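Please have the sequence and the model to hand while reading.

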Amino acid sequence: MILVGVVYLVVGLVFGAFARWSASNQMRVTWRLLAFLTSAIAFAIHISYEHFRLGNSPLITASHASMAVAIGAFALAVAANVHGQQVGSSHQHVLLFALVAWPVLTAVPAFAVALVAAAALALRRRGT
């Protein structure tokens with residue numbers, strides 16, 4: 001979980017830097033979409049690993065996948081707070097709220113998606 005959470009952090013920071021360095025708005029959007037796609041691939045690989053390699057139930061698989069997402073979101077919120085301190089942001093209270101909000105706002109839908117995906121994989125496995 002922690003390793004995948006770190007992957008989400010690195011993807012967010014690296015692709016965010018590429019987006020920030022982009023000269024055009026179209027390239028910024030492209031870098032952000034690539035970050036989303038890369039994170040989605042990491043999410044799918046994590047679900048597959050939990051299901052096929054570890055043989056976990058759909059509930060455990062969804063729990064682990066969503067906790068990894070929450071770890072990544074929390075780490076990105078920490079990075080945003082550090083950046084806010086460095087640039088002297090006037091929105092420190094919002095950044096502090098992000099430490100709780102980002103993990104919750106990402107983990108809940110990630111749990112639902114992972115649960116459906118893992119359950120579908122389990123049904124498919126039973127059917128063959």
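## Model and confidence

The structure is a predicted model. The mean pLDDT of the chain is 93, and 98% of its residues reach 70 or more. Among the elements of the chain, helix 2 has the highest mean pLDDT, at 96, while helix 4 (residues 92-127) has the lowest, at 92.

## Overall architecture

The chain contains four helices and zero strands. The C-alpha trace spans about 55 × 30 × 20 Å along its principal axes.

Of the 128 residues in the chain, 30% are buried. The accessible surface amounts to about 8100 Å², and carbon and sulfur atoms account for 74% of that surface. Considering contacts between residues at least 6 apart in sequence, 67% join residues at least 24 apart.

## Packing of helix 1 against helix 2

Two packed helices are described by the angle between their axes and the distance between the axes. How do the axes of helix 1 and helix 2 cross, and within what distance do they come? The axes of helix 1 (residues 2-21) and helix 2 come within 8 Å and cross at roughly 170 degrees. Because angles over 145 degrees count as roughly antiparallel, helix 1 is roughly antiparallel to helix 2.

On the side of helix 1, the contact is made by Val4, Val7, Tyr8, Val11, Phe15, Phe18 and Ala19. Helix 2 contributes Arg28, Trp31, Arg32, Leu34, Ala35, Thr38, Ser39, Ala42, Phe43 and His46. By class, this contact of helix 1 with helix 2 comprises 12 nonpolar, three polar and two charged residues.

## Residues of helix 2

Tryptophan 31 lies in helix 2 and is partly exposed, its relative accessible area being 23%. Leaving aside neighbours within four places in sequence, tryptophan 31 is in contact with Phe15, Phe18, Ala19 and Ser22. The C-alpha atom of tryptophan 31 is separated by 26 Å from that of histidine 91, 60 residues apart along the chain.

Apart from neighbours within four places in sequence, histidine 46 is in contact with Met1, Val4, His64, Ala65 and Ala68. Alanine 44 is placed in helix 2 (residues 25-53) as well, but is partly exposed, with a relative accessible area of 40%. Alanine 44 and alanine 65 are 21 residues apart in sequence, and their C-alpha atoms are 9.1 Å apart in space.

Which residues does alanine 68 contact, leaving aside neighbours within four places in sequence? They are Met1, Val4, Gly5, Tyr8 and His46. Met1 and Val4 are also among the contacts of histidine 46. Alanine 68 belongs to helix 3 and is buried, with a relative accessible area of 0%. Between alanine 68 and valine 11, the separation is 57 residues in sequence and 13 Å in space, C-alpha to C-alpha.

Threonine 61 lies in helix 3 (residues 58-87) and is buried, its relative accessible area being 0%. Not counting residues up to four places away in sequence, threonine 61 touches Ile47, Glu50, His51, Asn56 and Ala118. In helix 1, alanine 17 is buried, with a relative accessible area of 10%. Alanine 17 and alanine 75 are 58 residues apart in sequence and 16 Å apart in space, C-alpha to C-alpha.

Definitions and conventions:
Residues numbered from 1 in each chain as written. Predicted model: local features only at pLDDT ≥ 70, side-chain atom pairs only at ≥ 80, totals over all residues. Heavy atoms only, no water. Helix = DSSP H or I, 4+ residues; strand = E, 2+ residues; numbered from the N terminus. Buried < 20%, exposed > 50% of the residue type's maximum accessible area, 1.4 Å probe, protein only. pLDDT = per-residue confidence, 0-100. Contact = heavy atoms within 4.5 Å. Areas by Shrake-Rupley, 256 points an atom, 1.4 Å probe, with all protein chains shown as cover. Axes fitted to C-alpha atoms, helices over the stretch in contact; angles between N-to-C directions. Parallel < 35°, antiparallel > 145°, perpendicular 65-115°, else oblique. Nonpolar A, V, L, I, M, F, W, Y, C, P; charged D, E, K, R; others polar.
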